[in-house]
Amino acid sequence: MSYRFYWRRNDGVSGHVWLSGGDMDALAGEMTLQGMPWPGERLPGPGADAVIEADEVERVIAAARETPLALADGQLWIDWLVFLEGAARSGGLLVRG
């Protein structure tokens with residue numbers, strides 16, 4: 001399964017990312033190791049949507065470390081954190097399964 005993440009306020013050109021199930025699992029594992037309050041239990045199934053509010057994203061970012069503890073792909077981690085920072089400024093996230 002893959003996931004499509006959109007900033008809730010985006011211009012249709014920026015503010016979106018597509019993650020494979022494997023990448024999402026790797027990121028979720030890293031967020032768990034770092035004690036980040038990622039609401040992974042709310043990720044939608046195929047064909048469904050979920051919303052992660054901006055204040056929730058801010059709490060996730062506040063607990064993040066710049067350097068991953070276990071994730072082998074450091075660039076994926078940095079890209080994810082930058083994307084989340086944009087989401088916090090842009091109304092949160094819309095997630096499509």
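With a relative accessible area of 14%, E56 counts as buried (buried means under 20% relative accessible area, exposed over 50% and partly exposed in between, with a 1.4 Å probe and protein chains only). The model is predicted, so that local features need pLDDT of at least 70 and side-chain atom pairs count only at pLDDT 80 or more, while totals for chains, interfaces and linings use all residues. Residues are numbered from 1 along each chain as its sequence is written, and side-chain values use heavy atoms, without hydrogens and water. E56 belongs to helix α2 (helices, H or I of at least four residues, and strands, E of at least two, are DSSP runs numbered from the N terminus). The side chain of E56 forms a salt bridge with R42, and the closest N and O atoms of the two are 2.6 Å apart (a salt bridge places a side-chain nitrogen of Lys or Arg within 4 Å of a carboxyl oxygen of Asp or Glu). Because E56 sits in helix α2 and R42 in the loop between α1 (21–33) and β3, the pair ties together parts that are 14 residues apart in sequence. R42 is partly exposed, at 34% relative accessibility. Neighbours within four places in sequence being left aside, E56 is in contact with P39, R42 and V51 (contact means heavy atoms within 4.5 Å).

**The salt bridge between R8 and E53.** A search of the whole structure finds four salt bridges, and one of them joins the side chains of R8 and E53, at 2.8 Å from N to O. R8 is placed in the loop between β1 (2–7) and β2, and E53 in the loop between β3 (49–52) and α2, so the bridge ties together parts that are 45 residues apart in sequence. R8 is partly exposed, with 42% relative accessibility. E53 is likewise partly exposed, with a value of 37%.

**The salt bridge between D55 and R59 in helix α2.** The side chains of D55 and R59 meet at 3.6 Å, N to O. The two residues are four apart in helix α2, which means that about one helical turn separates D55 from R59. D55 has a relative accessible area of 40% and is therefore partly exposed. R59, at 46% relative accessibility, also counts as partly exposed.

**The packing of helix α2 against helix α3.** Two packed helices are described by the angle between their axes and the distance between the axes. The axes of α2 (residues 54–62) and α3 (residues 74–89) come within 8 Å and cross at roughly 145 degrees (axes are lines fitted to C-alpha atoms, for helices over the stretch in contact, and angles run from 0 to 180 degrees between N-to-C directions). Helix α2 contributes A54, V57, E58, V60 and I61 to the contact, and helix α3 contributes L84, E85, A87 and A88.

**E66 in the loop between α2 and α3.** E66 occupies the loop that lies between these two helices. At 66% relative accessibility, E66 counts as exposed. Apart from neighbours within four places in sequence, E66 is in contact with W77, I78 and L81. The C-alpha atoms of E66 and W77 are separated by 8.0 Å, and the two residues are 11 apart along the chain.

S20 lies in strand β2, which spans residues 16–20. A relative accessibility of 36% makes S20 partly exposed. Residues up to four places away in sequence not being counted, S20 touches M1 and S2. S20 and Y3 are 17 residues apart along the chain, and their C-alpha atoms are separated by 6.4 Å. A polar atom of the S20 side chain lies 3.0 Å from the backbone nitrogen of D23.

R96 is found in strand β4, residues 93–96. R96 is partly exposed, with 30% relative accessibility. When neighbours within four places in sequence are left aside, R96 is in contact with S2, Y3, R4, Y6, P44, A48 and D49. The side chain of R96 makes a polar contact with the side chain of D49 at 3.2 Å (a pair of N or O atoms within 3.5 Å; within protein, one must be able to donate a hydrogen and the other to accept it, and residues adjacent in sequence count only if both atoms are side-chain atoms). R96 and G47, 49 residues apart in sequence, lie 6.8 Å apart in space, C-alpha to C-alpha.
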